[in-house]
Amino acid sequence: MVKLAGAFLVMTAGTLIGFAQAARYAARPRQIRELLHALKRLETEIAYGQTPLPEALGRIGAAVAVPLRDIFVRAASLLRDERGTTAEACWREAVETGWPDTALREAEKEAMLRLGTSLGASDRADQLKHVRLAMAQLEAEEAAAREEQRKYEKMCRSLGMLGAALVVILMV
Amino acid sequence: MTRLDRLFEWLPVSLCDVLERLPEPVKERLEEIRIREGRPLEIGYDSRSTFVTPDGVETDDYRLAWQPDREVCRALLERITRHSLYAMEEELRLGYITVPGGHRIGLAGRTVLENGAVRRLRDVAGFNVRVARERIGCSAGVLPGLLDLAAQTVRHTLIVSPPQQGKTTLLRDLARAVSAGDWRHPAARGWRGRKVGIVDERSEIAACENGVPTFDLGPRCDVLDACPKAEGVMMLIRSMSPEVVVVDEIGRPEDAEALREALNAGVRVVATAHAEGIDDVLSRPVLRQLAAEGLFHAYVILSRTAGRVTHRIVTAEEALAGRWRRQAPRAGAAPRDAPGAGGFLPPAVSPPGASGFRPGAETANQIPCQGGNHG
């Protein structure tokens, strides 16, 4: 009886780990897409609205979904309230703090931090170039992420379950 | 919170720390804060300037002064542009930014040219913060001299002075007095205030926040904020039916065109211009033409000696005839064409210019403000 319960627990845990890993593979391309939408919006705010950065980021934050929202909202409030820091520092802090909650990887973070170094610090044409560059990088990452998702998502799920089954068999 | 405190909010912490340590009387009269990258911090008050040590002590020895570094300047520029240079292209082209509270911050740096015209500034390394001051009642000595008794309103007026003499401060209070009906003249008792339209190209006169003036401009004032003067004057006339239009710092040909339009629409104009005196007005092409056309009926010339702002009023006829040279300053003078207005005072010996006032007349002429700002 105890054995059966133990085996059941191991199976559940293994399956869940597999599913969680698979969800990460599925979430990454989705979040990259959201990030792309957010940058598209930023582009519009800069090009047509000429909205100051704190407001622009605040508006974007209100429009995107949760793990990414925190990054934009935090950056906006830092820009509004912090005295004597630069936009780059505010952006970096927001990205660093919010990143662990996302499914995004180092490559996307690099792109975002690079965008931060020029954020707000040049004229409109130049800003748009930087935003578009970041978008191009994200698009490349998105393609790679989708490829990974296709390859590994299902595999992770089955691997979790099969690994658990292996452990159970070995223990029996 | 005072207007100065609100200015300090816009400055980087390290700079603010130094300025906060200045003695209170100095802070109260502060007119200019000059921040230059890697060079000593300079402040201006009461028409003089000194350097400031890191402890907030005034010094004439610039080597002891606090020096803002690159970080401070970058943070300052980012803060006053709200981290958005792309949204400030027009301001960077013109070389100044106005922050909430009506304080204007002039910029110096390297210009970027495009087809030979200045496109914007980059590498900004010099800032001149001009502290805006509200001096309610500072126009009391001037306004009675500018009244058109027949039409029960103010005459077409041009206020001239070099920078830093308080033109904008005076203009602001004139707008307030006219819109509130605070005429300060016995014959004007019972006159109503007039509808005033202000074209506030640099957001200095009214210091609007979200469209609402933060300076007291009386009850009958409409402000077109951050609007080019020439276009703004036309917009006001078309849409807001002003009786008096107030504009700051005219001098471009299109400004003149708009003012002519206002004149023909039966609207009174009160404007300011940079000039040392009437001679300068008559030597600047656009102003000369306006003066020759008789657009302005009165000129107010501001000058400052020993921290006191003094003014005198010259009528158009005197200006054109060159008679103003002999004209002694007259305090609160009724218009020349007004009933009961006296004849000319005996000619003053002193030449025109900053200190060309007779001591006796000067005291009577002082505008009750010290260190008004925004020339």
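A pocket is taken here as an open set of grid points with protein on both sides within 12 Å along at least five of seven lines, and its lining residues are those with an atom within 4 Å of a point. In the predicted model, the largest pocket is lined by 36 residues. Those nearest its centre are Met88(B), Glu91(B), Thr98(B), Ser203(B) and Ala226(B). The volume of this largest pocket is about 990 Å³. Three elements of chain B, namely α4, α5 (89-94) and β5 (96-99), each contribute at least two residues to the lining of the largest pocket. By class, that lining comprises 15 nonpolar, 9 polar and 12 charged residues.

The second largest pocket holds about 450 Å³ of space. Its lining consists of 20 residues, and Arg74(B), Leu77(B), Leu85(B), Asp123(B) and Val124(B) are the ones nearest the centre. At least two lining residues of the second largest pocket come from each of α4 and β7 of chain B. The lining of the second largest pocket divides into 7 nonpolar, 6 polar and 7 charged residues.

The interface between the two chains was examined next. The size of an interface is often given as the accessible area lost when the parts come together. For chain B and chain A, the buried area is about 1,800 Å², with 50% of it on carbon and sulfur atoms. Within chain B, the residues that lose the most area to chain A are Arg82(B), His83(B) and Tyr86(B), which together account for 40% of what that side buries.

Charge pairing was considered both across the interface and over the whole model. Side chains of opposite charge can pair when their charged atoms come close. Between chain B and chain A, 3 salt bridges are counted. A salt bridge joins the side chains of Glu89(B) and Arg124(A), with an N to O distance of 3.8 Å. Over all chains, the count comes to 43 salt bridges. Within chain A, the side chains of Glu148(A) and Arg28(A) form a salt bridge at 3.7 Å, N to O. Glu148(A) belongs to helix α6 (residues 124-171) of chain A and Arg28(A) to helix α1 (residues 2-49) of chain A, so this pair ties together parts that are 120 residues apart in sequence.

Definitions and conventions:
Residues are numbered from 1 along each chain as its sequence is written. Chains are lettered from A and ligands numbered from 1 in the order in which they are written. This is a predicted model: local features need pLDDT of at least 70, side-chain atom pairs count only at pLDDT 80 or more; totals for chains, interfaces and linings use all residues. Side-chain values use heavy atoms; hydrogens and water are left out. Buried area is the accessible area (1.4 Å probe) that two parts lose on being put together, summed over both. A salt bridge is a side-chain nitrogen of Lys or Arg within 4 Å of a carboxyl oxygen of Asp or Glu. On a 1 Å grid over the protein atoms alone, a cavity is a set of points where a 1.4 Å probe fits but cannot get out, and a pocket is an open set with protein on both sides within 12 Å along at least five of seven lines; lining residues have an atom within 4 Å of a point. Grid points are joined across faces, edges and corners, and a volume is the space filled by probe spheres set on the points. Helices (H or I, at least four residues) and strands (E, at least two) are DSSP runs, numbered from the N terminus. Ala, Val, Leu, Ile, Met, Phe, Trp, Tyr, Cys and Pro count as nonpolar, Asp, Glu, Lys and Arg as charged, and the others, Gly among them, as polar.
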